[in-house]
Structures are given as C-alpha cells and as structure tokens.
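Open your viewer and keep the selection tool handy.

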Amino acid sequence: MAGAPTPYTPRQISEQILAVRGAIEGERKQVSVLFCDIVASSALAGELGPEEFHLVIDRFFRDALTEVHRYEGTINQFLGDGFMALFGAPMAHEDHARRAVLAALGIAARAEVKVRIGINSGLVVVGAIGDDLRVDYTAFGDTTVLAARLQAAAAPGAVLVSRQTAGLVSGYFQVEEVAPVKVKERTVYPLRVMGLGTRTARIASGDEMSPFTGRDHELAELQRALEVTADGEGQVIGVAGDPGLGKSRLALEFCRLAEPDVAVLEGRCLSYGASIAYLPLFELVRNACGITADDSPELAARKIELKIKALELDVSLAHYLRHAFGLPAGDPALAALDPRIIRARTFGALSRLLVAQAGHRPMVMLVEDLHWIDQTSEEFLAGFVNELPSVPVMLLATYRSGYSPPWIGKSYTSQLALRPLSPAASEKIVASLLAGGDRAGASAIAERGEGNPFFLEELARANRDQTTDAAGVTVPQTVQQVLAARIDRLPADQKAAIQLAAVLGREFSLGLAEEVWDGDVPLEALLQELKGLEFLRERHGLAERTFMFSHVLTREVAYDGMLEARRRELHGQAGACVEHSQASQRFEHCELLAYHYSRSADPARAVPYLAAAADRAKDRYANEEAIRLHKEALSIVQSQAAGRDRDSQELAILEAVAAPLNARYGYASPELQQTLERWIALAESLGRNDSMAAGLVALWASRFVQGRSADGYQTASRVLALVGPGSELAGHAHFAIGGSAVTLGRLVEGRRHLELAADLAGGAVWLSTGVRADVHSTAWAAHAHWLLGRDTEALSACHKAINLARSIDDPFCLAVALAYGCITHHLRHDMSALGTNVGELRELCSSYGFAYYREWGLILDGWSHQDESGIGLAQQAISNLKVGGSFARMPYWLSLLADLLARNDRRDAARATLDDALIAARDRDDLWWLPEVMRMRAAYDEEQAAISRLRSAAQTASAQGSVALLRRCEHDLAGRGFASQPPVIP
Ligand SMILES: Nc1ncnc2c1ncn2[C@@H]1O[C@H](COP(=O)(O)OP(=O)(O)OP(=O)(O)O)[C@@H](O)[C@H]1O
Ligand SMILES: [Mg+2]
C-alpha cells in the first residue's frame with residue numbers, strides 16, 4: 001500500500017467521541033459502511049513511476065478523508081489502496097446513509113484516479129474504540145461483506161449502493177439499476193448512484209403525504225402573525241418540537257396557504273452543516289437569486305450581482321456575499337480587511353438583500369432545522385430580527401426541543417411548541433396508510449405512535465409491509481436512527497442514566513433508579529437534565545417520585561441499543577433492589593419483580609412472581625395477560641434441569657393456566673388440550689391423584705365439547721374410581737358423569753349426578769375449567785328437569801344458577817349460567833326471558849373475550865330474531881363452532897337454524913339442515929335432542945313416512961323419559977288423527 005496516512009478525524013469530532021467512548025462501547029448501532037478502492041493501482045504505479053504515484057495516492061487519501069470527515073464518518077481501516085469508513089458509528093447519525101452517499105460522491109468527484117465505491121447499511125455492535133478512533137465492531141449478517149462485495153463489483157468511477165441503503169436515501173439521489181451481484185450464494189440487486197436527486201428534506205411540496213390533520217390551532221396562530229406582518233410589522237415565530245412532530249409539515253402547509261399572495265424564501269440547516277458558515281443563508285440567497293444546483297460557481301456569482309442590481313442596491317454588496325459563500329470574483333481587496341469588518345459588512349449585505357427582496361409585499365422567510373445552525377448564521381439571525389419590526393418579513397424557524405433561538409423575549413417573537421397529535425388525528429394518519437380499513441390495527445398503531453406523525457407513518461408502513469429488522473428490532477429503522485442519534489448526542493452520564501431508565505421501564509420510581517444507579521454523578525440531577533431535554537417527564541400526584549419516558553419508542557431504542565449482557569445485569573440489580581427494599585410486601589410488587597427477574601441472568605427467580613402476577617391478572621379477568629405471564633413462567637421452568645422439583649413447578653403452572661385458557665380459547669382448543677394432557681401425565685408421574693382427577697375432569701370437558709359423548713362418560717367414571725365417592729373431588733366426577741348421561745339421553749341418571757355434584761362440591765369448589773361446580777351443575781340440571789317434564793324445577797334451577805353466579809361476581813361463571821339459562825328459556829319458549837339473558841351473555845362474552853359461549857349467544861340471539869338476519873348469525877356461529885372443533889349439542893344448534901330457515905320460507909334448506917342434525921346426533925351419541933329433531937323432520941315427509949318417523953321419535957323420547965319431547969310428538973301425531981299412547985316413563 002502506498003503511504004496510507006494515519007487516520008485523522010477532526011478534533012471536535014474526536015473529542016466528542018472520546019468523551020463518551022465508554023458509553024458507546026458495546027452498543028448496537030445502525031450504520032452505513034463505505035468501501036473505496038483505487039482501480040488498477042499497480043498498473044497506475046507502473047505508468048506514473050514510484051514518486052509520482054506516491055504523490056497521487058497521498059492526494060487521493062487526503063481528499064477522500066476530507067470528504068469522509070465532512071460528513072462525520074470515521075475511517076476504520078486502510079485496505080490496500082483503499083479504505084473502509086463507517087457512518088453512524090461510533091456516534092449514531094439519523095441520516096448515516098445519506099452522509100455515506102454524499103461522501104462517496106465527493107470522493108469520486110475529487111479523485112484524480114478512478115475509484116470504485118460500495119455502500120451498505122445495517123446493524124453492527126460497536127466494540128472497543130481505540131485512541132485513534134478505530135472502531136472494533138461485529139457486523140450482523142452481511143452488513144460489511146456486502147459493502148465490500150459491491151465495491152469490488154462496481155465499474156471504475158461508480159458508486160454502488162445496496163437496496164437497503166437505497167431505501168434509506170430514496171429521492172435524495174438519482175440511481176440506476178445495474179447488473180445483479182452474487183454474494184455468498186445470494187444474488188443482490190444493487191443500484192448505481194448517478195448524482196444528487198431532487199429531494200433535500202423529508203417532505204417537500206409535490207410529495208404524496210398523509211392528510212394534514214390536527215393542527216388548526218397552530219395554523220391559525222401562524223396566519224395571525226402573517227396578518228400583522230402584512231401590515232408592515234415583521235414577526236418571528238419559532239416552531240419547536242421533537243423530531244417528527246410535524247414542524248416542517250406545519251410550515252409547509254402554512255406557506256402553501258400563504259402563497260401566492262406572499263413570497264416565500266426558504267433556507268435550511270443540515271445535520272452535518274454546523275461547521276459550514278452561512279449555510280442556510282446561502283440557500284436563502286440562492287433561492288432569492290434563482291441559482292440552481294446545476295449552476296457553475298461563476299454563474300452563481302453572476303446571478304447574485306444581477307439580483308443586487310435589479311433590487312437597485314449598491315453593487316459592492318455582491319462582493320461580500322460572494323466572498324462569504326466562497327464564490328469566485330469576490331473583490332480581492334477584501335482579503336486585506338479585518339475579518340470582523342468583513343463579517344459586519346457581509347451581515348449588512350445579507351440584511352439589505354433580504355429586506356429589499358421582500359419589497360412592499362409581505363414575505364415569509366422560512367429557516368428550517370435551526371438546531372443544526374452554524375454559529376455565523378445564528379449570529380446573523382440574532383441581529384437580523386432587530387430589523388423586523390419595521391419590515392413586512394415574517395421569520396419562521398423550525399427547531400427541535402432543546403434548542404433555544406437567540407431572539408427569545410422580544411415582543412414580536414413567539415414560539416409554537418408542538419404537542420402530540422390527538423388520538424383521532426393519529427388514527428386518521430395511520431388509516432390513510434393502511435389499506436383495507438383495519439380499524440383495530442390502526443388504533444393499536446396510533447396508540448404506539450403516541451401522537452408523533454412521523455412515528456405513526458413509519459409504524460404504519462412497517463406494519464403494512466410487514467417488515468421486521470433482521471435483528472428482530474420492531475421499531476422501524478427510520479425512527480430508530482432519529483432517536484438513536486439523539487440519545488448518542490447526550491454526555492456519557494446522561495446517556496448511562498437514560499439506559500438505566502430504559503431498563504427500569506416506561507415509567508419508574510426515582511427511589512428504585514437511585515438504588516440501582518452506580519454512577520458518580522447523582523442520578524436525580526441527570527434525570528432532571530433529561531427532563532429538561534424532554535426525554536423524560538415527571539409524573540405528579542403519585543406516592544413515590546416517578547419519571548416516565550416522554551415517548552415509548554425512545555425507551556425502546558435506548559433499550560435496543562444496549563448489549564444483552566448489560567441489560568441482564570441491570571435487570572438483576574433492579575430485581576434485587578425491589579426484593580430487598582420491599583421485603584415484607586414483595587408480592588405487592590410481583591409484576592415489577594417478574595418483569596426484572598425474567599430478563600435477568602437468573603430468570604428462575606421470576607417464577608413465583610410471574611405466578612402471583614398471573615393470579616392478579618386473572619382476578620382482574622385479564623385472561624390474556626394471565627396466560628402470557630403463565631407461559632413466560634413455563635418457558636423459564638422448562639429450561640431448567642429435569643427432575644421432580646421442576647416437574648412439580650411445571651404442574652403448578654399448568655393447573656393455574658387451564659382456566660384462563662378455557663375462557664379465552666374454549667374447551668376444544670388445542671392450547672387447552674395440550675396443557676391438560678401434559679398436566680395429567682405430570683400428575684401421574686408425580687403420584688398426585690387429586691391433581692390428576694382435576695385434570696381429567698377438564699380433559700373430559702374438552703372431549704365432551706368436541707362431541708366425544710361416549711368416551712366422555714368413560715373418562716368421568718375413571719375419575720370417580722380414582723378419587724372415591726364422598727370426597728370433594730368426587731363432585732367433579734359427578735358433574736362429568738351427569739353431563740355425559742344427559743347428553744346420552746339418560747336423563748334421570750344425569751339429573752341425579754348433577755344434583756350430587758352441586759351438593760358435594762359445596763359452595764366454593766371450582767372446576768379446573770374455571771367454573772364453580774355448583775353453578776355449572778345446577779345450570780345444566782335445569783335442562784334435565786325440563787326434559788323430564790318438571791318445568792317448575794327447571795325454571796328454579798335456571799334462576800338459582802344465575803343468582804349464584806351473580807353472587808360470586810365472576811364473569812365467566814355468569815356467562816356459563818346465562819348460556820345454559822338461554823337454552824332453558826328456549827326450551828320453555830319464553831321469548832322475553834331469552835331476549836334479556838342472551839343480550840347480557842353476548843355483552844359479557846365480548847367485553848371479556850370469552851370463546852365458546854360467545855357462539856351459543858350468537859345462535860340463540862339469531863333464533864330469537866326469527867328473521868333473515870337471525871339466519872346469518874346462527875350460520876356464522878355454527879360454522880365457528882365447527883371450525884374450532886366443538887361439536888357438542890350440534891343437533892340442537894342445527895335444529896334452531898332449521899327452525900329459522902323454515903320460518904323464512906327456506907324449506908329445502910331447513911330439511912337439509914335437519915338431516916345434518918340427525919347424522920350429528922347419531923354419529924356422536926348426542927341423543928337428548930334427537931326426538932325433537934325427528935319430530936321436526938317429519939314435517940317434510942310424506943304422510944305415511946311422517947307418521948312412522950313421529951312414532952319412532954315418540955319411542956325414543958319415552959325411552960329417555962323425555963316427557964317434554966314425547967308430548968310434542970304426541971301432539972303432532974294427534975294432529976294427524978292418531979290417538980296418543982300412554983307415556984312410558986322409565
Ligand atoms: N399534522 C399532520 N398531519 C398529517 N401528517 C403530518 C402532520 N404533521 C406531520 N406529518 C407527517 O409526519 C412526518 C414528519 O413530519 P415533519 O417532517 O414535519 O416533522 P418534523 O417535526 O419537521 O421533524 P424533524 O425534526 O425530523 O425535522 C411527515 O411525513 C409529515 O408529512
Ligand atoms: Mg423538519
């Protein structure tokens with residue numbers, strides 16, 4: 001390699017990096033990697049001779065490094081006749097990709113030799129940072145390999161970027177497709193950068209944007225200032241707010257409304273422009289003079305002069321401007337002047353040009369992104385605003401929270417601090433990006449975006465395109481970069497504090513944070529500083545002093561940026577602090593302890609707290625949350641060493657999770673069945689008969705609902721044998737036997753077991769399916785009573801079950817009692833009671849997310865409508881049941897649908913549905929309702945066939961002792977002229 005220079009990074013950058021070095025090492029960063037190499041350097045060396053070659057290479061490196069440093073990249077490695085540079089590490093930059101491409105174009109334009117450049121963007125873990133700023137890093141996936149490969153594949157003089165990089169800079173550069181490139185078995189499709197694109201900022205007029213919403217008040221405020229300006233009294237308005245809150249968009253919409261009556265002149269500061277004097281002012285002047293990006297420096301200089309003349313100003317002003325902007329043909333005599341004099345005159349020239357440009361017409365001077373402004377421009381603006389009260393110029397500046405402009409406090413200046421958008425406005429933005437009106441999805445995203453329109457848009461896009469990062473990061477990269485760059489700009493102490501905060505959660509108490517904190521600076525001071533920078537907010541009105549992240553995504557990005565080992569360590573410390581300081585009431589804090597310990601290096605410590613937290617969730621009827629917590633505990637326990645201890649821990653979790661699983665997913669769900677099978681196997685191997693019996697009853701319920709009536713009866717009998725009669729658990733067994741017997745049409749036996757179950761179980765015994773045994777048994781017994789012709793008992797059992805359920809205040813129990821109650825009312829044809837109960841049932845199921853009984857509610861509600869709309873409901877629910885594998889009572893449900901169809905003149909469909917019901921009854925031994933299905937089906941038979949079907953129905957009913965259904969058959973037979981036979985009751 002010919003004379004690679006020592007990597008040199010400008011002092012101000014290197015100091016900044018070294019000051020926070022400790023805080024950056026070991027972090028995960030999104031970066032752009034640039035590889036650059038000279039084409040055919042050995043041929044060139046031969047051609048030029050060693051000395052000349054040496055000089056050329058020296059110049060190449062000097063120029064290339066200047067370009068890299070201009071965009072705050074760091075040279076990481078010299079390789080042969082080239083180098084590798086990183087943008088976005090060690091310090092994160094929100095626009096690392098754009099900076100890398102700008103540097104690449106700069107390098108290619110300045111080099112006297114031909115170079116090839118390749119760029120890719122992705123995730124790296126920053127390792128040690130040397131004193132020379134060399135960064136050790138570990139790349140995720142092929143972040144660097146691909147960049148190197150693109151460099152090798154580039155044509156001489158070309159800059160190739162990966163799709164990943166291109167996506168991040170879309171619009172900012174012109175790109176062209178080139179031939180695909182192979183990288184380790186994979187084909188990638190790079191793009192060649194041809195030059196600058198038309199885009200210079202995130203949004204620009206002419207872009208397709210989400211509908212502007214929720215900023216009426218701010219627009220009105222700006223309009224009012226414009227009116228004052230138009231009267232000749234200039235105004236200054238700063239629009240302040242966090243990244244992405246919509247400062248630029250507000251300015252854009254305002255200018256759109258103001259034009260064409262008002263002239264708009266625009267200039268912007270750049271993220272890498274803080275050291276470029278006059279940068280935003282040059283843009284203002286260029287726009288005023290009509291200078292375009294393609295104009296040569298000479299033409300630009302000429303245009304400034306023409307403008308000065310056109311405005312009838314002193315031509316000498318042009319010299320100062322050209323000098324300030326580094327354009328040719330400035331007055332050579334200027335070089336001899338004192339720089340302070342030059343500056344004062346340049347300020348004067350700028351001021352006069354801008355005021356003259358406005359003339360008598362009001363003008364809006366928009367300066368964007370003031371937080372990146374160079375010092376000279378800032379000083380100019382500070383003086384310029386003093387001119388405004390007497391000229392029709394409105395200075396509109398945007399800047400991020402944390403920056404304070406130099407003019408605060410004057411009467412004609414004000415600041416609009418943007419607030420997050422309202423939930424309604426947020427949903428509007430999200431909905432405009434999500435096709436197909438996914439309302440639930442839209443409101444979930446709107447909630448996560450917390451009123452920041454940029455986050456909202458990016459979250460919605462990521463959701464629409466289903467993109468998750470290779471590293472599993474769920475915050476969209478675009479958002480990630482902006483936030484990571486902000487966090488990286490913090491001094492080391494503040495950054496350590498924000499990382500600790502991120503580990504503690506969205507919201508955390510100062511007390512806990514202080515206990516875990518091991519830094520030298522008092523934590524509270526740092527948190528106050530972070531509050532001042534609007535990273536955090538303080539929550540008032542709580543017993544403990546509490547801080548929270550202003551935006552949830554900031555927390556996520558701070559958290560994602562940390563190495564896992566460090567997070568685990570802090571979580572462990574936080575858990576230990578809570579456990580220690582709250583020793584007497586540890587379980588009060590079970591959620592917090594579960595959260596920290598499960599993420600620590602010793603997650604087993606989380607298990608008891610997860611269980612307690614899950615119980616609390618269940619007590620709040622938050623079944624989904626309870627299931628999640630139990631599953632978390634389960635995965636921790638399952639990863640422990642095998643043995644009895646582990647098995648009993650696992651069994652305890654399975655016993656606890658069955659009820660919420662049932663409520664949430666239903667008896668027939670695979671989730672519940674797998675849990676029960678494992679429960680029973682574990683209980684058996686641990687010799688725990690009681691647990692096994694409880695598990696078997698739940699398994700019985702699950703099999704029963706699947707329509708396996710006959711083997712359900714077997715399982716139930718096995719339970720009774722296992723626990724022996726008379727025990728509390730025998731109540732469970734009687735419940736199962738009773739339910740099976742009723743279904744099989746053995747009504748007297750069924751009723752007896754159900755009554756025994758209610759008695760034996762006493763008041764407080766819960767079935768493993770999450771229903772109290774007396775409620776479920778009594779509710780079911782009502783059906784047996786009615787079938788046996790005991791209408792009064794049926795009604796009173798129905799009421800008793802519902803009242804019991806109400807008295808214990810458990811929504812799932814109540815849902816069960818109401819669901820059975822609805823059937824009882826249907827049997828009794830009590831339309832009004834049915835209507836009331838079914839309404840309550842449906843509401844309960846929907847507000848608590850109960851599965852299974854929800855479908856009962858739909859069918860019975862559908863039936864009670866008696867019209868076409870009811871058919872749809874019933875059909876939908878029946879199909880849901882079938883899809884979920886729940887076939888119990890299918891003949892009954894189908895008969896309700898058939899009845900609805902018949903009432904709505906759809907006789908063929910009704911007959912076919914009854915045929916299905918007959919098959920369902922016989923195939924699955926679901927026999928209690930069979931006589932009624934047969935009776936209904938007879939209505940579609942020829943006379944003789946009808947009579948024989950009715951007789952057979954009557955026989956079945958009487959064999960079951962089903963007085964109620966037998967009466968209906970006899971009534972129909974009598975209608976056809978046949979005398980009734982005496983009922984046969986077993
Ligand atoms: N009120 C709004 N209604 C709809 N969309 C909006 C609104 N405000 C902003 N947006 C959209 O949100 C995105 C971010 O807005 P904008 O670029 O104006 O943010 P910013 O505050 O200027 O951020 P930065 O500090 O990064 O410059 C843009 O795509 C913009 O179109
Ligand atoms: Mg902006």
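Which atom of ligand 1 does a backbone N or O atom of T213 lie 2.7 Å from? A nitrogen atom of ligand 1.

Some bookkeeping before we go on: this is a predicted model, so local features need pLDDT of at least 70 and side-chain atom pairs pLDDT 80 or more, while totals for chains, interfaces and linings use all residues. Residues are numbered from 1 along each chain as its sequence is written, chains are lettered from A and ligands numbered from 1 in written order, and side-chain values use heavy atoms, without hydrogens and water.

Now select R202: one of its polar side-chain atoms lies 2.8 Å from an oxygen atom of ligand 1. Taken alone, ligand 1 exposes 630 Å², of which the protein buries 96% (Shrake-Rupley areas, 1.4 Å probe).

Next, show the 22 residues around ligand 1 (a heavy atom within 4 Å); T213, G244, K247, S248 and E457 come nearest. Colour helix 9 (247–258) and helix 17 (453–465), each of which supplies at least two residues of that shell (helices are DSSP runs of H or I, at least four residues).

Last stop: helix 34, residues 791–808. Select A794, A797, C798, A801, I802, L804 and A805, which are buried (under 20% relative accessible area; exposed is over 50%, with a 1.4 Å probe and protein chains only). They lie on the same side of helix 34 because they cover an arc of only 160° around the axis, taken from the directions from the helix axis to the C-beta atoms. Turn to the other side of helix 34 to find T792, K800 and S807 exposed.

Technical notes: Polar contact = N/O pair within 3.5 Å; in protein donor to acceptor, adjacent residues only side chain to side chain. Expected span 1.5 Å × (residues − 1).
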